[in-house]
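Try each one before reading its solution.

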Amino acid sequence: MNKIFIGLLIPFCAFSAAAQTKRKAPVKKVVKPAAATTLAPKTTLDSASYTFGVSMASNMKQSGLKSLNYTFLTKGFKDAFAGEERLITAEAGQKAANNLYKTVTQEKFAPAIAEGKAFLEKNKKVPGVITTASGLQYQILTPGNGIKPTATDTVLVNYKGSLINGKQFDSSYDRNEPLSLSLDRVIPAWTEGMQLMPTGSKYKFFVPYHLGYGERGAGNDIPPFSTLIFEVELLKVNGK
């Protein structure tokens, strides 16, 4: 009897021990996060390097860039200093940079682009306004009967220029000094429009941005993608 009882007890004890082992929750190891390392420049090279980075990024940010791929930015720096072979050609890189700037600039000045387009759409319906194939719009204020210049002629003109909000950015009338200029060295709108003008005439040009100062603008007075208005008086054609 005792042997039978003991024989039954041993398997039961083993089962109980195994069951208790299974019921024990696994112990999770708590991994403490690594202490944050504060980066601080310690040498002149450190400080100068950081300053170069801040300066470059600030200029790019002012141009409309919000971020870059910092892995490739650092790679470019390292390859240039080490004299390593470029990952892409200089031409391909410049094209990519131009396209990136064009995209962010268009996003930044989207309201100005839309405003200019709406203005020109409305303006072309005004009686007396003529639109050329390029998109230039002009209106004859004073007819003339003199000769017309060619694209390579030098001309003497009086003019004033303004934005579509009415803000004037330049005027030879205010300076009381006509301007002599070569038509192959001016904005496309002037090269095209001046050839339509007989000497002695006065025209008004309505200039879409791609025929003016384009995506870059001009100085502080003409923002990128600006639609412009010029009143131009052709005083004399000086020839080539």
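Buried means under 20% relative accessible area, exposed over 50%, and partly exposed in between (1.4 Å probe, protein chains only). This is a predicted model, where local features need pLDDT of at least 70, side-chain atom pairs count only at pLDDT 80 or more, and totals for chains, interfaces and linings use all residues. Residues are numbered from 1 along each chain as its sequence is written, and side-chain values use heavy atoms, with hydrogens and water left out.

**Exercise 1.** Decide whether Phe205 and Tyr203 are buried or exposed.

Solution. Start with Phe205: its relative accessibility is 0%, so Phe205 is buried. Next take Tyr203, which is buried too, at 5% relative accessible area.

**Exercise 2.** Classify the ring pair of Phe109 and Phe225.

Solution. Recall the rule: rings of Phe, Tyr and Trp (its six-membered ring) pair if their centres lie within 6.5 Å; planes under 30 degrees apart count as stacked, over 60 as edge-to-face and the rest as tilted. The structure has eight aromatic pairs. In the pair of Phe109 and Phe225, the centres are 6.2 Å apart and the planes make 40°, a tilted arrangement. Phe109 sits in the loop between α4 (90–108) and α5 (110–123), and Phe225 in the loop between β6 (202–207) and β7 (228–239), so the pair ties together parts 116 residues apart in sequence. (Helices, H or I of at least four residues, and strands, E of at least two, are DSSP runs numbered from the N terminus.)

**Exercise 3.** Find which residues ring pairs link into a cluster.

Solution. Look for Tyr159, Phe169, Trp190 and Phe230: ring pairs join them into a cluster.
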